[in-house]
Amino acid sequence: MSRPDMAALAVGDVIGTRTVTFDRADLVRYAGASGDFNPIHWNDKVAEGAGLPGVIAHGMLTMGAVVGLVSEWAGDPGAVVDYQTRFTKPVEVPNPGTASVDVTATIGVIDGDAGTVRVDLAVTVDGAKVLGRAQAIVRL
Amino acid sequence: MANADFEGRVYPADAPYSVGREKIREFATAVGATHPAHHDLVAARGLGYLDLVAPPTFAVIVAQRAEAQYISDPAADIDFSRVVHADERFTHHRPIVAGDELTTVLHVDRIVSRGAISMVTTRCEIYAMPESIEVPSPEAESPGEPVATVISTLAIRGEDA
């Protein structure tokens, strides 16, 4: 896989867009893979008892799923040296059905001395932001 | 209300977590990470890695395991059914690869309560242990090579929030 050419990048460039979808099976799969078995991610009664509208996706699943776009663009997942986000709105996952999460990745900062770029991720469900200040620093 | 006495507490290096190839593949599949370096040894070695590379958020497995020492302590007064994840940050000092033996020093950096909401920030310093050491020494300042720092903030809603 080829690596992006830093000299050819400009702040504001959109490096990619993607829609990722989650159904209940995806939440169970992530629970098992991550070890996070909090029942608000698979049990409606518990989720409602906690004041939620129903089962919600793990914030860490959303965070983990939307960065794939950046790893692939970078050509090397190990190049993502820093990655942070705020969880601003829960992603409800219907049963049956799927939640659709839209991702747009834009170059936010280019640091020639450090050899890094900051990729800013806009992450929304039905137009509403679900992650805030989602930023990945990529070494190129 | 989270017990403010825990602020500043440091938990010594925990029992090592062995990073396995199949766990990396399983986690990568669960987050839809299709880059071949997570799945295919030849692809990972082609990028210069010794083994399969973990996805950027894989360290959460190791971090949440360490955080449980604090969060599940009844004296910490954290009602897990009222916890919402507020923010998360991963800083990788080097990528995690299969074969790593990771140990974590957990820091409870900040506990702030306002009204009925408590915000708790933890920091996991994750190290790769040298092959010669099987059990981390509780006294060691740095139990190995720094691999990742994971900062996480939880919001805990009180009964009336």
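Visitor: What makes the residues of the largest nonpolar core one core?

Guide: This is a predicted model. The largest nonpolar core has 93 residues. They count as one core because they are buried nonpolar residues joined through side-chain atoms within 4.5 Å. A:Val119, A:Leu121 and B:Tyr70 are the residues with the most contacts inside it.

Visitor: Which element gives the most to this core?

Guide: H3(B), with eight residues.

Visitor: What does A:Val119 touch, beyond residues up to four places away in sequence?

Guide: Its partners include A:Ile15, A:Val70, A:Trp73, A:Ala105 and A:Ile107. Also among them are A:Ala134, A:Ala136 and A:Val138.

Visitor: Which residues make the contact between H1(A) and H1(B)?

Guide: From H1(A), A:Arg29, A:Tyr30, A:Gly32, A:Ala33 and A:Ser34. From H1(B), B:Lys23, B:Glu26, B:Phe27 and B:Ala30.

Visitor: Why is the pair B:Asp14 and B:Arg65 called a salt bridge?

Guide: The N to O distance is 3.8 Å. The limit is 4 Å, between a side-chain nitrogen of Lys or Arg and a carboxyl oxygen of Asp or Glu. The pair meets it, so the name applies. B:Asp14 lies in the loop between strands S1 and S2 of chain B, and B:Arg65 in helix H3, so the bridge ties together parts that are 51 residues apart in sequence.

Visitor: Is B:Asp14 buried or exposed?

Guide: B:Asp14 has 11% relative accessibility. Buried means under 20%, so B:Asp14 is buried. B:Arg65 has 35% and counts as partly exposed.

Visitor: What makes B:Glu22 and B:Arg25 a salt bridge?

Guide: An N to O distance of 2.8 Å between their side chains. That is within 4 Å, so the pair qualifies. Both residues lie in helix H1 of chain B, three residues apart, about one turn of the helix.

Visitor: Why is B:Glu22 called exposed?

Guide: Its relative accessibility is 55%. B:Arg25, at 24%, is partly exposed.

Visitor: Where do B:Asp109 and B:Arg123 lie?

Guide: B:Asp109 is in strand S4 of chain B and B:Arg123 in strand S5, so the pair ties together parts 14 residues apart in sequence. Their side chains meet in a salt bridge at 2.8 Å, N to O. B:Asp109 is partly exposed at 35%, and B:Arg123 is partly exposed at 21%.

Visitor: What joins B:Arg94, B:Asp100 and B:Glu145 into one network?

Guide: Salt bridges that share partners. Over all chains, the search finds 13 salt bridges.

Visitor: How do you know that B:Ala128 is buried?

Guide: B:Ala128 has 7% relative accessibility. The cut-off is under 20%, so B:Ala128 counts as buried. B:Ala128 is in strand S5 of chain B. Its C-alpha atom is 4.6 Å from that of B:Leu102, 26 residues apart along the chain. B:Ala128 also contacts B:Arg94, B:Asp100 and B:Glu145, among others.

Visitor: What makes the bond between A:Asn95 and A:Pro96 a cis peptide bond?

Guide: Omega is about 0 degrees. A:Pro96 lies in the loop between strands S2 and S3 of chain A.

Visitor: Where does B:Asp77 lie?

Guide: In the loop between H3 and strand S3 of chain B. Phi of B:Asp77 is near 60 degrees, again a positive value in a residue other than glycine. B:Asp77 counts as partly exposed, at 44% relative accessibility.

How values were computed
Residues numbered from 1 in each chain as written. Chains lettered and ligands numbered in written order. Predicted model: local features only at pLDDT ≥ 70, side-chain atom pairs only at ≥ 80, totals over all residues. Heavy atoms only, no water. Helix = DSSP H or I, 4+ residues; strand = E, 2+ residues; numbered from the N terminus. Buried < 20%, exposed > 50% of the residue type's maximum accessible area, 1.4 Å probe, protein only. Contact = heavy atoms within 4.5 Å.
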